[in-house]
Structures are given as C-alpha cells and as structure tokens.
Amino acid sequence: MRFTITDAVTWVGKRDWELRRFHGEEYSTHHGSTYNSYLVQDERTALVETVWAPFAGEFIEHLKTVVDLERIDYVIANHAESDHSGGLPQLMRHIPDVPVYCTANGVKSLKGHYHQDWNFQVVKTGQRLSLGSRELIFIEAPMLHWPDTMFCYLTGDDILFSNDAFGHHLASEGMYNDLVDPCSLMEECIKYYANILTPFSALVKRKIEEFAGLGLPLKLICPSHGTIWRDNPMQIVTKYLEWAGDYQEQQATIVYDTMWNGTRRMAEAIAEGLNQADPSLTVKLFNAAKGDKNDIVTEVFRSKAVLVGSPTINRGYLSSLGGFLEMVRGLGFKKKKAAAFGAYGWSGESVKLLTAQLKECGFEVPSDGIRALWNPDGDALEQCRTFGREFGQGLAG
Ligand code: FEO
C-alpha cells in the first residue's frame, strides 16, 4: 500500500484493480486505476490528496502505519472530485483542525460535496508553504479539468504533483512509468486525454507554458492516477502539447450501427473506397452499439475524419449513435472532417439528421452524405466505394 519515492515522499494511495467504470458509467477503465496520495515528511508533514470514498477506511488504516495522524500538519486538496477527496471526511474526523489547502473554487467544491467547514486555507499560484527544508509551491490549474484544480510542486525533490493531468487509469504493481508496458501506458494516457481533457486543450497548452516559464527543475511528475513519471517525465508533457494542438493521425474512423446489416455493408464499402483513395490511411470501423464508447472516442481523437452511419428508424437514427454523438459534441474536436451514411426503407431521415448533428459537433462536413434504399445491392455498394474514394481524396494534404 505504500512505497518510498524519495527520502521525504511516500506514496500512500490505493490501487483499484477492480475498477471498470469511472465517472459513474461514463468512462471505461479496462485496467483499473489508482488513487494516488502522497505523504511529504520534512520538518512538517503534508498529505497531498486522499482516495476515492469506498477506500477511505483502508486508506486511513494504512496511513496510520506510515505516520501518526496527529503529525500531519497540512492537507493539500489539489482537486475536489471525489476520487481524490473521498477520504477527507473520515480523515478530518481524526484531525479536524488541520488546515486544508486548496483553491477558492476548491472550497466551494469541497463544501458542496461534504458540507463541512474544515479549516480551509485558500491558495493562489505562486504561493509557497514551507515544510522545513522543502517548500510546496501551488499552481492553480482551473479547468484542468475542474474549476478548482491545482497542481503543487515540491522544491528540493523537484516533484510536480499534477493531479489528473498526465494521469491514466492503469492499476499496476510497479508504480513507475518505466515498470509498465509502454504501449498500454500510452494507450491509457491518450484515452484519458481524448475523453477528459480534449475540451480544455487551449488551457493545457497555456498551463504547460506557464509551468515551463517558472524554470523549476523537474525530476518526477506524480499524477493522481496511474504511474509516476520517473523515466523522462517530459515525454508525457511533450505528448500533451502534441495532443493539445488539434491532434490527428493519418486515420479515418467509421462509426455505425445497423439493424439488418445494410448500414454495416455500406460502412465496409466506404472503408474500401477510403483505402483506395489513400492506402496509407488507417481506416477503422466500429459498431457504436457493440464497441466501447470511450475507446471509439479515442479513435476519433486520433482521426482526421469520422464517418457516421445509421439506418433510419422512427424518422431518426439509432440510439447508440445518439449517445455517441452527444459525447463527441461535448468534447469539441476541432479540424476534423465528417460525413454521414445509412440505409433506409421509406422515410430515410437518418443521414440528413446525422449530417446536421455532425455539424453541431463542430466537424467540417463537405457533403450531404450517402443513403442506400433497402439492403444495398452491388450498384449501391459501388456507390459507397465511390463515396469513400471521393471523401478520402478530399482528405489529402
Ligand atoms: Fe481524478 Fe477529476 O478526478
């Protein structure tokens, strides 16, 4: 439950190997997660973050084996979301007068969650808290990804406690980035960014530049989820800058749902056309009703284009696409092209409605899409190939 990071810093968090859903049911966590809490012991002792509420009892039980709770001088609440603050109510019952350092918005969020009047100490960027030979420097990071979010930096050990930023939902016994499979690690990082941080990309870039401007040396980045960046911590900062810049790879993603396989066959024919237009283009297909929505969003994040297909049902489109497009609308992807397609039997509204929704999502939609009456025959599938080819040619450059 604990390990020593430096002479002064001990990880006292919780690995959650079982976690499969996060943010309610909204985010899939195929590989669990961790709630990282850090104890900093100098002449004075600070606890940075706690854990999610279901683990509060275990957390405190173990924390007591590391430190006498009475010796904790400061609690640092970088972020009030309950996966980090959930241990506070139990902890504060043991140490009710200990000051809780957070932003002004942190006070609002923590009071809103727990309805407690703890000894809040509001901090602003640049404010320092002496622990003896080391200091904590606070850095507000509003909307990364809540209004209350802040980071803090430990002098002497050169550690950035970055809260959710640079984090990833990955439970592992080895708690450093060089001790886990690098592909799994980066996959979880990009998924986290795509699904949570995309709307705040401009702020991500600005915050990284602001931190760089402080000229503080950086040995470790200790996020509040997943592994600690020990091996080349700047690699994840570089990735964040790349992802924050309207990221796209040489990829197109086709997301569809289907009732009797007509729209699926259209999707596959469009994929063939895209590939004919540009064999270097990676084309991926997902049935929105069967795939993992967060994994599909990650693929959309990677893509320069997305094609969305549904047959018409009840003068609309299938509900799996409704949920998916609402997620995509909220994330606000930029500089991506899109188009709609779908099979129909009589009224045939799905493509028109999907096209309107894709525009609402902020995509550039260069065509009115393509429909196929009833089950697409050879000619209709050839038209889909042509549609894919022409759409693919429009992606060149
Ligand atoms: Fe990991 Fe925004 O909480």
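Leaving aside its neighbours within four places in sequence, which residues is K207 in contact with? In this predicted model, the answer is I139, E140, A141, L144 and F151.

**A buried lysine**

K207 belongs to helix α6, which covers residues 201–213. Its relative accessible area is 11%, and K207 counts as buried because that value is under 20%. The side chain of K207 also has a polar partner: it makes a polar contact with the side chain of E210, at 2.8 Å.

Stepping back to the whole chain, we find a division into domain 1, residues 3–243, and domain 2, residues 252–391. Domain 1 supplies 15 residues to the contact, and domain 2 supplies 12 residues. The C-alpha centres of the two domains are 39 Å apart. Between them, domain 1 and domain 2 bury about 1,200 Å², with 50% of this area on carbon and sulfur atoms.

What polar pairing goes with this contact? There are 9 residue pairs in polar contact between domain 1 and domain 2, counting pairs with both residues at pLDDT 80 or more. On the side of domain 1 that touches domain 2, the elements giving two or more residues are β5 (27–28) and α5 (182–197). Helix α5 provides the largest share of that side, with 6 residues. By type, the residues on this side of domain 1 comprise 6 nonpolar, 4 polar and 5 charged. The count of salt bridges between the two domains is 3.

**Salt bridges along the chain**

Side chains of opposite charge can pair when their charged atoms come close. Across the whole structure, a search finds 25 salt bridges.

| Salt bridge | Closest N and O atoms |
|---|---|
| E187 and R302 | 2.8 Å |
| R264 and E268 | 3.0 Å |
| D157 and R134 | 3.1 Å |
| E242 and K239 | 3.6 Å |

Take the pair D157 and R134, whose closest N and O atoms are 3.1 Å apart. Are D157 and R134 buried or exposed? Both are buried.

The other two pairs to look at lie within helices. E242 and K239 are 3 residues apart in helix α7 (residues 234–243), a separation of about one helical turn. E242 is partly exposed, with a relative accessible area of 37%, and K239 is partly exposed as well, at 26%.

In helix α8 (residues 262–277), R264 and E268 are 4 residues apart, about one turn of the helix. R264 counts as partly exposed at 25% relative accessibility, and E268 counts as partly exposed at 34%.

Some salt bridges share partners, and through them E187, E249, K284, E299 and R302 are joined into one network.

Note on methods:
Residues are numbered from 1 along each chain as its sequence is written. This is a predicted model: local features need pLDDT of at least 70, side-chain atom pairs count only at pLDDT 80 or more; totals for chains, interfaces and linings use all residues. Side-chain values use heavy atoms; hydrogens and water are left out. Domain bounds come from an automatic or database domain assignment. Contact means heavy atoms within 4.5 Å. Buried area is the accessible area (1.4 Å probe) that two parts lose on being put together, summed over both. A salt bridge is a side-chain nitrogen of Lys or Arg within 4 Å of a carboxyl oxygen of Asp or Glu. A polar contact is a pair of N or O atoms within 3.5 Å; within protein, one must be able to donate a hydrogen and the other to accept it, and residues adjacent in sequence count only if both atoms are side-chain atoms. Ala, Val, Leu, Ile, Met, Phe, Trp, Tyr, Cys and Pro count as nonpolar, Asp, Glu, Lys and Arg as charged, and the others, Gly among them, as polar. Buried means under 20% relative accessible area, exposed over 50%, partly exposed in between (1.4 Å probe, protein chains only).
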